[in-house]
Amino acid sequence: MSENFPDYVDVDYEDGDGEDPEDYPHIQDKIEKAIEVTREGLEEYENPAVMWTGGKDSTLTLYFIKEVADRFDLEVPPAVFIDHYQHFDEIHDFVDHWADEWDLEVIYARNEDVGEYVDEHDLEPGDDIEIDELSEHNQHHVENILEYEEDTFPFLLDTYVGNHLLKTVALNDALEEHDIDGVISGVRWDEQEARADETFFSPRHDPDIYPPHDRIQPILQFDEAAVWDAFWNFVVPDTVENFPEEGHVPQSDDDLPEGVEQEDIPISPKYFAGFRSLGSEVSTEKSDEDPAWLQDLEGTTERAGRAQDKEDLMERLRDLGYM
């Protein structure tokens, strides 16, 4: 363990090593493990926070946090929302609504230097950003950490430089500012190849790359189908008034129980509209017309609607602190 990391943390960094979703064959197995990891995360770390994108995985993780905190008399940590300036408007609306509904403290992590440059020059996604006009902090990341040799980079989230500055740098700055020692995130083994070897408690202790912290990952064992199973049979019946206790899987956006509206449900409307994975507004497309949970989850790729140039760089981005 790094000298810079608190010695009060005592977790098993090998928990989950070599496992995959098949080691948790039933939804109850997955839920019990999520509760176990979440409780340990809330108890072991003094300043934890949960990553919340407004997507299904991070919202499911947030649900487990709320349930565990209530059951074991623990505090709900703040949620960190990375505002990368290229979100769908519906994502902002969803996060604002449910933060208010669930009485959450939200930390909005932004690379404000890049944001101010974009505003000052009235840039659109894809327009070039002059590196030498950014702060020394951002120039250091581009030139010394990424070893990027061009004079400009495009204002696009799903590129090597754009993703690092708009998401990773914004996140690391927030971790440092708020002295966060444990980041609870909703990554899954099956979602992306670069995440397949993660463990439930994953150290990030190199101070030359990020503020030393741990990643706590309670839903690694869920696959995409299990996430939706959990939502429609547990999360939504638990949290939505007038929703059947036995669960109900809607076949369309208007196939909801009497007295229930789409905005009553803690699931982004983008999933009802056919998106399976939510990225930036300019580089994410819906994968079908059917709601996400009714699509061919076994025979098609969950992140096919995401920009593939960033997907191909995922391993390098994660080495730099990306989720």
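Axes here are lines fitted to C-alpha atoms, for helices over the stretch in contact, and the angles between N-to-C directions run from 0 to 180 degrees. Helices (H or I, at least four residues) and strands (E, at least two) are DSSP runs numbered from the N terminus. The structure is a predicted model, in which local features need pLDDT of at least 70 and side-chain atom pairs count only at pLDDT 80 or more, while totals for chains, interfaces and linings use all residues. Residues are numbered from 1 along each chain as its sequence is written, and side-chain values use heavy atoms, with hydrogens and water left out.

The axes of α1 and α2 lie 9 Å apart and the two helices pack at an angle of about 65 degrees. That makes α1 roughly perpendicular to α2, given that 65 to 115 degrees counts as roughly perpendicular, under 35 as roughly parallel, over 145 as roughly antiparallel and the rest as oblique. On the α1 side I31, A34, I35, T38, R39 and L42 meet F64, I65, V68, A69 and R71 of α2, where contact means heavy atoms within 4.5 Å. By class, this contact has eight nonpolar, one polar and two charged residues, with Ala, Val, Leu, Ile, Met, Phe, Trp, Tyr, Cys and Pro counted as nonpolar, Asp, Glu, Lys and Arg as charged, and the others, Gly among them, as polar.

The axes of α2 and α7 come within 11 Å and cross at roughly 45 degrees, and the two helices are therefore oblique to each other. Here α2 passes α7 in a left-handed crossing. The α2 residues in this contact are K56, D57, T59, L60, Y63 and E67, and those of α7 include V227, W228, F231 and F234. By class, the contact has eight nonpolar, two polar and five charged residues.

## Nonpolar cores

A nonpolar core is a set of buried Ala, Val, Leu, Ile, Met, Phe, Trp, Tyr and Cys residues joined through side-chain atoms within 4.5 Å, where buried means under 20% relative accessible area, exposed over 50% and partly exposed in between, with a 1.4 Å probe and protein chains only. The largest nonpolar core has 61 residues, and those with the most contacts inside it are W52, L60, F222, I265 and I267. Two or more residues come from each of α1 (27–44), α2 (56–71), β2 (79–82), α3 (89–101), α7 and α8 (269–272), and α7 gives the most, with eight residues. A second, separate core of 17 residues includes L134, L157, L165 and V169.

## A buried loop residue

I219 lies in the loop between β8 (213–216) and α7 (224–239), and this residue is buried, with a relative accessible area of 0%. Leaving aside neighbours within four places in sequence, I219 is in contact with D57, L60, T61, F64, G186, V187 and R188.

Most residues other than glycine have a negative phi. D73, in the loop between α2 and β2, has a positive phi near 55 degrees and is exposed, with a relative accessible area of 70%. D179, in the loop between α6 (160–177) and β6 (182–184), likewise has a positive phi near 55 degrees and is exposed, with a relative accessible area of 53%.

Conventions
Left-handed = near helix turned anticlockwise from the far one by under 90°.
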